[in-house]
Structures are given as structure tokens and as C-alpha cells.
Amino acid sequence: METPIADFVRRYADSGMVRAHMPGHKGKPFLGCEALDITEIQGADSLYEAEGIIRRSESYAGELFGSGRTVYSTEGSSQCIRAMLYLALSCGNGARTVVAARNVHRAFVYAAALLDFEIVWLWPERSTSLCSCPVSPDTLERTLAELPAPPAAVYLTSPDYLGGMADISALAEVCRKHGTLLAVDNAHGAYLRFLEPSCHPLDLGADLCCDSAHKTLPVLTGGAYLHISRAAPASLRESAKTAMAMFGSTSPSYLTLASLDLCNRYLADGYRDRLREMCGRLEEARKALTAAGWQVEPSDPLRLTVRDPAGMTGGQLANRLRENGVECEYADLDFLVLMLTPENRAADIERLVYAIGTNDAVYAPAPQLTLPLARGERVCSVREALFAPRETIPAARSLGRVCGAPTVGCPPAIPIAVSGEQIGPEALELFRRYGVEQVEVLR
């Protein structure tokens, strides 16, 4: 497969051209990659007005992912999330409401402030982690049936940070029945398209989808895709670049663009076989960990999620791994999460299994945290709260105050409190459990 962006950048680096243009390093080595770091010079195309090499490269990515249109982001899925929501609001049915599973990325909450839409939260019947928010088709059906009109979109995060995967096919059917779009934050699942069969949201019925290529594919940090399905309204495809430009820098990284471009060739050249092989190795690792006394949670194929036994935390497990030269993706009070790709060697898998070792602790019955965990009363909109004067106070003294900035980290997770919600006693309990010491509240 052709790699027009990477080829152009390399030719320019080798041309000996005097760089009387940005960036200021002029191609001279400080980190060592500067020669390939350029700006929108003649022939380099422009990310948000792509008519040349970027447009060609994006079209190749669209073919690989089977989309109606795929566009690149150099600012991760955060940019794509905002763009997806803008498209749903501006090109959909005219509604200003989005129905969303509560375990959203922080970018979603900020998009609600920027775009000023209403949120109807979907809460799971039960969950054992703030990172997880499983939503059944029945729950979605009841929620949509109770609304006076279809929302602009239903928004889901799948896979979630623990690797839990939503039943996209069934949920998409509910969305179609009610005349609304389905948008999926698939940041952790770009590779799902290349499983056999595909488990990618686009192939399961989503209208809009974002993938963080850099999370599971060999792409530099910040490289991501916004996908629009072939079945989605044409206006979504036509407005994709406008939506991305609204939330993106006018100085996109050509290093990141070149890596997205090269990834097309990587995906087209034997990736399915390499992915199948790695998934097999990880399945063997799950069996080995289970035999060693660990409880391995169901997850997407490229993730190992280990539940902590009694008397141990994910942080302690993470430290055990570090002592043996393995760094995890995520750890909290209850779970350890490891993310692997075909770029990991078989020896890497063996090393992490050895590093975790044998578990001699007992697994107590998992506490069932019944959601809604902290369904705070809404006092004002997300936009009003985030644009209002705020102050930071100890979380322990926040009872009854109105949340200013959302208490959720970058990983997609259920916010303990969302901007505009009144903080209740359940939120205080969760602040203590998850070590939240300060919160921003309205003055």
C-alpha cells in the first residue's frame, strides 16, 4: 500500500532545501527526528483542507476500516470525541440532547460545555468499578422510550478501560428503531476491525466512531481516527473536516501524520496474522495466570485485566511488576490492567506472567457497587458550571456544594460528580474510596 505522507516527508528531508519556514529547529537534530518534522509547505497538503497526500492517505485508511469516511487526528481521540458530538448535533435530527453511558472520557464533559448540550445519563444496573458502565439494550430501550423526542445521539465507551465490551449490534438496533445516531468512543479498540470476525463498532452498526490508533497500533502518541459509517447520513461525511478543524490545532504534527500513513501499510501487510498470533499468546497467558491463582476478568483480546485478591491492591501488583521490569497500563484499588499488541514479543508475555507470580491470597466475594453510585441532583448545566467562578476545597467538606470541574481522570470512567451536579453523601464516600482529596466547586 502506498504511503504518500511518509514518502513526501522523507523526500523533503533528503532534498537539502533551505528551511525558511516553521518549525524553528530547521530540521537540525536535537531529539533526532527533526528532519522529518515539517509544516504545511508546498506539496505537504493541509490536514483540515486535505486535497493531496493527506486525502489520499486517509482514503487508504477508510478502505482498511471499511468506513464511509475516515479522517486523521494528531490530537488523539479527545479531538475526535468533540468532533463526533458536533457532527451529531449539527447534522442530525436537530435535538440538543445526548444519551450517554456514564463512564465517559473527560473530553466528553468538556464537549458538553463547549457545545452546550443536555445529557441524559445511562447508569448500569450494577458495577464493581468506576471504569465500567455496562448498558443493556433493555436499559437503552426504556431510556429512549421515555424521552419526549429522539436525542441527537447515543454515546457509548467500548471497550471500557477494563476491557469490557458493549453489545454494539443490539444497541445499534435500538438506536435505529428510535431514529437516533450511535456514536462510540472506541479509543482502545482500533485493532478490533482486524479480528476474524471483525468486532469494530463500524461493522456492528455504529454511525460514528473514534479510534486512538496510538493505543493499540504502531502509531505515535496523538494519532487517531474519526470514522463515519457508510450507512450514516452524507452530511456527516461532508462536514467531518469542519468538525475536526473546530477543535484541532492549525499546526498538526507531521511526525504523527506520517506514522498514521505508515500504519496503513502495516495493517495491509500481514497484520491479521500477527494479531491472531498475539491473541493466542494472550489466551495462553490468561490460562497460566488463572492456574497461578489469579482471577482474570473478561476483556477485549489485547488486554489482561486481573482482579486483586483480598489484602492486595492493583497498585501493589503494579509495584511487583516494576520490580521485575514490567510497567502496566493502569492500576487501582481493585484491578491491574495490562495492554499488549503484536509489537510485544513472546518473551514479554513470559516475563509479565513470571513477574506476577503465584497468588496465595484469597478472593473474597466482590462487593457489588450498585449504581447510580452518586446520582447528584442537577443544579445547572455543564456549560454554566464550567464557565462559572469556582474554588478548590477539600473533598471531605464538599457535601451540598455544586461540582465545578468533573471529578474524572483521563481514563474513561464514571465521574463521581459532573459539573453542575450537587455533591451528595454517596459522592463523599467515593471520594474517600478513590483517594480524591480536593474538588472544584462553584463559589
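Student: How many aromatic pairs does the structure hold?
Tutor: A pair of aromatic rings is described by the distance of the centres and the angle of the planes. Rings of Phe, Tyr and Trp (its six-membered ring) pair if their centres lie within 6.5 Å; planes under 30 degrees apart are stacked, over 60 edge-to-face, and the rest tilted. This structure holds nine aromatic pairs. One of them is F65 with F194, an edge-to-face pair at 5.4 Å centre to centre and 75° between the planes.
The model is predicted: local features need pLDDT of at least 70 and side-chain atom pairs 80 or more, while totals for chains, interfaces and linings use all residues. Residues are numbered from 1 along each chain as its sequence is written, and side-chain values use heavy atoms, leaving out hydrogens and water.

Student: Are F65 and F194 buried or exposed?
Tutor: Buried means under 20% relative accessible area, exposed over 50%, and partly exposed in between (1.4 Å probe, protein chains only). F65 and F194 are both buried.

Student: Which other ring does F194 pair with?
Tutor: F194 also forms an edge-to-face pair with Y271, 5.5 Å centre to centre with 80° between the planes. Y271 is buried too. F65, Y72, F194, Y225, Y266 and Y271 form one aromatic cluster.

Student: Which charged end sits over the ring of Y266?
Tutor: A charge counts as over a ring if NZ of Lys or CZ of Arg is within 6 Å of the ring centre and within 35 degrees of the ring normal. Here, R274 has its charged end over the Y266 ring, 4.7 Å from the centre. Likewise, the charged end of R383 sits over the ring of F387, 4.9 Å from its centre.
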